[in-house]
Amino acid sequence: MEEPKSCAIRAPFLMEKLLRHTAEEDEALQAGAYALPDFLYLDEQRTTIDGSSLLGPEGSVSIGRQPRFTHVPKHRHNFIEAVYQCSGRSVHRIERKDIILEAGDILLMNQYTSHECLPCGEEDVAVNLMLRTSFFDDTYELAAKRNVLSDFIVSLLRDEVNCNQYLHYKTIHHLPISHLMEIFLTSYYPHDDGVAPRRLSGDYAMQDRTLMFMVFL
């Protein structure tokens, strides 16, 4: 398999899995559009996505593939979302401003941020990291640093911000983040040989929280 020209993932087996079409993507290619099922929304207007359907009753961290080949309409969540661009690029529209993610970029959005995603091509692979606000409860070290990220987190915990708020990081040359993200993704998309972190470890929730905490730290 030929590696995409712009790629933040160095493990060939992992990139191969991420490039595979999902059923939703095949549906989008055939019909020209794909709509999220109604049960994922909190309201009849289909504007707010419910994290309990995606994270489960106790989970604080989960992951999903950003659908390609279709426009994702304007929406927001009742959880924190971080988009990690694995390869290619994607365009996210926030308040009529286009945020262009290149391979290795991270886009962090609070639960009030309304956004939409423009259609992506074959090699434009991104994953959505879904985080409950409770994930940030133990981030005292981050808060003590007093930077733009710590201010973002403190505002989440204090529920001070009820508006669009996001941070855009370009991290492709930050090797610790790239390595940690690859380990995290491998736990969700393990190697086909059957020997994978999620099958060897019993406490997946703690593993996920630890890896994501290290990324933010």
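In this predicted model, Phe13, Leu14 and Leu18 of helix H1 meet Glu182, Leu185 and Thr186 of helix H6. By class, this contact of H1 with H6 has 4 nonpolar, 1 polar and 1 charged residues. Two packed helices are described by the angle between their axes and the distance between the axes. Helix H1, which covers residues 12-19, and helix H6, which covers residues 175-188, pack at an angle of about 60°, and their axes lie 11 Å apart. Because angles from 65 to 115 degrees count as roughly perpendicular and those under 35 degrees as roughly parallel, H1 and H6 are therefore described as oblique to each other. The crossing of the two helices, H1 and H6, is left-handed.

A second topic is the largest pocket, which holds about 750 Å³ of space. Its lining is made up of 34 residues, and those that lie nearest the centre of the pocket are Tyr34, Leu36, Arg65, Pro67 and Asn128.

The largest share of the lining, 5 residues, comes from E3. Sorted by class, the lining of the largest pocket has 15 nonpolar, 11 polar and 8 charged residues.

Pro67, one of the residues that lie nearest the centre of the largest pocket, is placed in the loop between E2 and E3. When residues up to four places away in sequence are not counted, Pro67 touches Glu25 and Val72. The C-alpha atoms of Pro67 and Cys120 are separated by 7.9 Å, although these two residues are 53 residues apart along the chain.

Technical notes:
Residues numbered from 1 in each chain as written. Predicted model: local features only at pLDDT ≥ 70, side-chain atom pairs only at ≥ 80, totals over all residues. Heavy atoms only, no water. 1 Å grid on protein atoms, 1.4 Å probe; cavity = no way out; pocket = protein on both sides within 12 Å on 5 of 7 lines; lining within 4 Å. Points joined across faces, edges and corners; volume = space filled by probe spheres on them. Helix = DSSP H or I, 4+ residues; strand = E, 2+ residues; numbered from the N terminus. Nonpolar A, V, L, I, M, F, W, Y, C, P; charged D, E, K, R; others polar. Axes fitted to C-alpha atoms, helices over the stretch in contact; angles between N-to-C directions. Parallel < 35°, antiparallel > 145°, perpendicular 65-115°, else oblique. Left-handed = near helix turned anticlockwise from the far one by under 90°. Contact = heavy atoms within 4.5 Å.
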